[in-house]
Amino acid sequence: TVLSERFSALDGGGKHFCALNTLGYAFCWGRDDSGQLGDTLLVNSTTPIPVVGPDGLMATRLRFSSIAAGSSHTCGVEAGTGTAWCWGDGSSGQRGDGTTELRQRPRRVQSDERFRQISADSTHTCAVTESNALYCWGGNAFGQLGIGGTAQRSTPT
């Protein structure tokens, strides 16, 4: 399905990989038990498959400048706007949309900041803004959000 695609960025999580093609469209493969592949099917894939748009349609796919694969969630920074989007597991708030439900397609992170880089781990996500400020969200049992405590956050802080 991707023989004609060329990729410019790649990131691997605990259960899956995601890549950006040269146009900025996201493709993911591997385990999909939490919707981390972003195709709304919850079916594991051994080949890269395209991530759908926020409404679940291919015609509205987002173009990303940065992609990050966590253990069971994925996030990307939309090219041009700097808007962060995440999908997959949100049980620790790691998607940053203020909810903890599983989401099988991209959802906007609750922030008006313009991000330029994003990184995801098993239960949390961090991103750097265009003005070089750092925001993190998700699980924080060991203080990994860097906010001076261990409270979990489901939106960027």
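Predicted model: local features only at pLDDT ≥ 70, side-chain atom pairs only at ≥ 80, totals over all residues.

Modeller: A disulfide is a covalent bond between the sulfur atoms of two cysteines. In this case the bond links distant parts of the chain, with Cys18 in strand β2 and Cys28 in strand β3, 10 residues apart. The link of Cys18 and Cys28 is right-handed, with 110 degrees about the S-S bond.

How many disulfides does the structure hold? There are 3, and if the bonded cysteines are counted along the chain, the pattern reads 1-2, 3-4, 5-6.

Cys18 and Cys28 both belong to the largest nonpolar core, which has 12 residues in all, including Leu20, Ala26, Phe64, Trp85 and Trp87. Strands β2 (16–21), β3 (26–30), β5 and β7 each supply at least two residues of this core. Another core, of 11 residues, lies apart from it, and among its members are Ala68, Ala84, Cys86 and Val109.

Cys86 brings us to another disulfide, in which Cys75 and Cys86 are bonded with their sulfur atoms 2.0 Å apart. This pair also links distant parts of the chain, since Cys75 is in strand β6 and Cys86 in strand β7, 11 residues apart. The link of Cys75 and Cys86 is right-handed, with 110 degrees about the S-S bond, and both of these cysteines are buried.

Strands of a sheet pair through backbone hydrogen bonds, either parallel or antiparallel. Here 4 strands form an open sheet in the order β5-β6-β7-β8, and the pairing is antiparallel. Strands β5 and β8 stand at the edges and have a single partner strand each, so one side of each is left without a neighbour in the sheet. On average, and with direction ignored, neighbouring strands of this sheet are turned by 15 degrees against each other.

Within this sheet, β5 pairs with strand β6 (residues 73–78) in the antiparallel sense over 5 bridges, and a hairpin of 3 residues joins the two strands. Cys75 in β6 stands opposite Ala68. Strand β5 (residues 64–69) has 5 of its 6 residues buried, so this strand is largely enclosed by the rest of the structure. On to the following pair, β6 and β7 run antiparallel and are joined by 5 bridges, with Val77 having Ala84 in β7 as its bridge partner. Trp85, one of the residues of the largest core, touches Cys75 as well as Leu62, Phe64 and Pro106, among others that are beyond four places away in sequence.

Which cysteines does the remaining disulfide join? Cys126 is bonded to Cys136, at 2.1 Å from S to S. The torsion about their S-S bond is about 110 degrees, so this disulfide too is right-handed. Cys126 lies in strand β10 and Cys136 in strand β11, so the pair ties together parts that are 10 residues apart in sequence. Cys126 and Cys136 are both buried.

Strand β9 and strand β10 (residues 124–129) are paired in the antiparallel sense over 5 bridges, and Ala120 stands opposite Thr125 in β10.

Ser92 lies in the loop between β7 (84–88) and β8 (103–108), and because its relative accessibility is 13%, Ser92 counts as buried. Beyond its neighbours within four places in sequence, Ser92 is in contact with Thr123, Gly138, Gly139, Gln152 and Arg153.

Definitions and conventions:
Residues numbered from 1 in each chain as written. Heavy atoms only, no water. Buried < 20%, exposed > 50% of the residue type's maximum accessible area, 1.4 Å probe, protein only. Contact = heavy atoms within 4.5 Å. Pairing = 2+ DSSP bridges. Axes fitted to C-alpha atoms, helices over the stretch in contact; angles between N-to-C directions. Core = buried A, V, L, I, M, F, W, Y, C linked by side-chain atoms within 4.5 Å. Disulfide = S-S within 2.5 Å.
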